[in-house]
Amino acid sequence: MAHRDLKCDNCLLLVSRNSSSVKLADLGRGKDFTLEPSRPLQEYLVGRGQLMHLPPEYLLFQGGGAAEDFVAADYYGIGSILVELVTGQPMSVLAMGDVGAVLAVGHRDFAAGRRSDLSGFAPSFRSATSFVVDHLPKSVRSDALTLLSHLCDPQPRSRLARAPYSRDRLSRGGLDWVLRRSDIMIRRLEIEQRQLRQRAERQGRIT
């Protein structure tokens, strides 16, 4: 199943005493892959979610209705959630600017039988990724750069490529490497925070 509308608004943070968890909500645009398409293929050229959260291929009328198209879009959405948490803006807005204008270009190109080369957006996505990473603690910047570069690649097929970390390439699950890397980043942040508290406590005793 694909969600097709991944964004922070659809992530519910549940806090109970000292534990917390996140659940995905709003599956109204979800797609069950065991069911046949319910709409004409042309309607899948543009994504099903909110405009500002759409990946570039759907903004430019190059989306598809196959399972791998929806999975690639969800991968992008996962990366975009991290971008949104850090900057307050989804990746497409950060990398492409006025998404409404981009959609208008895509519509004109489609009507004229043209297709924009998605690889041409790579520089703006690299710049946006670097901007996001620069706002993260140093302990997680390297992993965040790899994660975002992979998940938010403007070319959807590149998002579906094998894991960028060699130790994760034998994993059966497509996103196992993302979960593993996220856990590593969380642990590093926890260690960093603990060290900062300990340093502050020592300084407090000295003064």
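## Nonpolar surface patch

Leu 13, Val 15 and Val 22 form a nonpolar surface patch of about 310 Å²; patches comprise residues with over 30% relative accessible area and no salt bridge, nonpolar side chains being joined within 5 Å and like charges within 9 Å. A salt bridge is a side-chain nitrogen of Lys or Arg within 4 Å of a carboxyl oxygen of Asp or Glu. Leu 13 belongs to strand S1 (residues 11-16), strands being DSSP runs (E) of at least two residues and helices runs (H or I) of at least four. With a relative accessible area of 58%, Leu 13 is exposed (over 50%; buried is under 20%, with a 1.4 Å probe and protein chains only).

The model is predicted: local features need pLDDT of at least 70 and side-chain atom pairs pLDDT 80 or more, whereas totals for chains, interfaces and linings use all residues. Residues are numbered from 1 along each chain, and side-chain values use heavy atoms, without hydrogens and water.

## Nonpolar core

The largest nonpolar core holds 34 residues, of which Met 91, Met 96, Leu 147, Leu 148 and Trp 177 touch the most other members. Such a core joins buried Ala, Val, Leu, Ile, Met, Phe, Trp, Tyr and Cys residues through side-chain atoms within 4.5 Å. Helices supplying at least two residues each include H3 (91-96), H6 (138-151) and H8 (176-206), while H2 gives the most, with 6 residues.

Beyond four places in sequence, the contacts of Trp 177 (heavy atoms within 4.5 Å) include Leu 147, His 150, Pro 164 and Asp 168.

## Cysteines

The structure holds 0 disulfides (cysteine sulfur atoms within 2.5 Å). For Cys 8, the nearest cysteine sulfur is that of Cys 11, 5.8 Å away. Cys 152 has the sulfur of Cys 8 as its nearest, at 12 Å; Cys 152 is buried, at 2% relative accessibility.

Terms used. Areas by Shrake-Rupley, 256 points an atom, 1.4 Å probe, with all protein chains shown as cover.
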